[in-house]
Amino acid sequence: MTKASISLQELRRKIYRKAKIEKQWRFWGLYCHVCKKEVLREAYRLAKANDGAPGNDGKSFEDIEAEGVEGFLEGIGQELLNRTYRPLPNRKVEIPKGNGKTRILGIPTVKDRVVQGALKLLLEPIFEADFKECSYGYRPKRHAHQAIDRVTKGILYGLTRVVDVDLSGYFDNIRHHILLEKIARRVQDDDIMHLVKLILKANGKKGVPQGGIISPLLSNLYLNEVDEMMERAREVTRSKGYENLDFIRSADDMVILVHWHPKEDWILQKVQKRHKEELDKLEVEMNLEKTKVVDLKKGGSFSFLGFDFRLTRNREGKAYVSKTPRKKKCIEIGKRVRAVLKANWNKPLKEVIQAVDAIIRGWVNYFRIGNSNSAFNKVRDYLEMKVRKFVLRRKKLKGFGWKMWSREEIYGKWGLYNDYRIRYVYPKANSS
């Protein structure tokens, strides 16, 4: 299927420009666009690109392709126009978190993914115009590496006292009435509001399901006023052209950075108080056991977006920010590869290696911006061992085949992923 039509792209651009210029404007007449075939077709294309398992109705993308996509989209359009569309509850899947606990992932039906995707195509440009620079998660042209880079720069500029904020079950506890009020400030369209309410209520009295197409947008909107308050605090605490405070958020993962100098103690105390007050307004709870203040100058460390951050010095005595993959992230990649090997037990070795490589490549590309050499060596050796053992077990042999296959054969002939090169990023800092 082709990409979004020029008319849809232009519509989104016009909505964004209007929202950016007129901050109090409330948009109307959006629902008719959600029902349009070209919008539903683009929503389907995006949903299919992300693939995913079937929802509660058991229908996969393959089933829909076999029955006919155009007819499927025509049916959705008619249900929306007739106001008879009703979303099904998401299929719930438990995902292990690595600490013995599980995270509930909600899988919508393909039909519901298309409707949510169409709704997102119209609402996203409105709220993107309002979102702040400190927010990085689930946003167009923004990604985790940018947030990590901003944290690194802040630390090198002297913001070495860190409030590592942990929220308790954020996505599961978003209050619908508060969220709907926030949407209504920008949307004056009863049909759109009713559709959003249907989607929210289909999965309970509170929360937005992790796995929903529109959930990331809504979760960012819910915290946008927290972002606004922190951006204002950043501006008012600036002194002589230097920043004494920064705030970086990616979804529900957030950190507050405060300058190391004792004269800025008041900022550290005040910003924690104001931050909690804003969260309390939203009925969002902090996990007080995990939320902590660390001083990097005194050897402290914190975790953000899968990395452990520390302030250390190189051989020349120059300070730099060490970013290493968290131990649990290294354990997770091992579990994922083991699951792929198990799922592909009866497939040809070439296909098995391709499936394994796809998992490893994404993980390595994410963590290669850090000080990951040591972790990469351990992960590479472990994964090579698991692949060796897998092949031998299929041959009903024991051991790891150290003498049977050289590394050149495994990485060269078999094609097991082997690009573990580090790509360091050195943000510039001042002399403070």
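Visitor: What covers the buried residues of helix α8?

Guide: A quick word on the ground rules. This is a predicted model, where local features need pLDDT of at least 70 and side-chain atom pairs count only at pLDDT 80 or more, while totals for chains, interfaces and linings use all residues. Residues are numbered from 1 along each chain as its sequence is written, and side-chain values use heavy atoms, with hydrogens and water left out.

Now to α8, which spans residues 176-184. Helices here are DSSP runs of H or I with at least four residues, strands are E runs of at least two, and both are numbered from the N terminus. The buried residues of α8 are H176, I178, L179, L180, K182 and I183; buried means under 20% relative accessible area, exposed over 50%, and partly exposed in between, using a 1.4 Å probe and protein chains only. Their cover includes α6, α9 (190-201), α10 (215-222), α11 (224-236) and α12 (265-281). Contact, by the way, means heavy atoms within 4.5 Å.

The largest nonpolar core holds 75 residues, and L80 and L123 have the most contacts inside it. Such a core is a set of buried Ala, Val, Leu, Ile, Met, Phe, Trp, Tyr and Cys residues joined through side-chain atoms within 4.5 Å. Helix α6 (residues 110-128) gives the most to this core, with ten residues. Leaving aside residues up to four places away in sequence, L123 touches L30, V187, I192, V196, I214 and L217. There is also a second, separate core of 49 residues, with V364, A375, F390 and L392 among them.

An open sheet of three strands runs in the order β7-β8-β9, paired antiparallel; two strands pair if DSSP finds at least two bridges between them. Because β7 and β9 stand at the edges with a single partner strand each, one side of each has no neighbour in the sheet.

Four bridges join β7 (residues 301-304) to β8 (residues 307-313), and S303 stands opposite D308 in β8. Their hairpin has two residues between the strands, and L305 in the turn has a positive phi of about 50°. β8 then pairs with β9 (residues 319-325) over seven bridges, with F309 opposite K323 and R310 opposite S322. In that hairpin, five residues lie between the strands, and G317 takes a positive phi near 85°.
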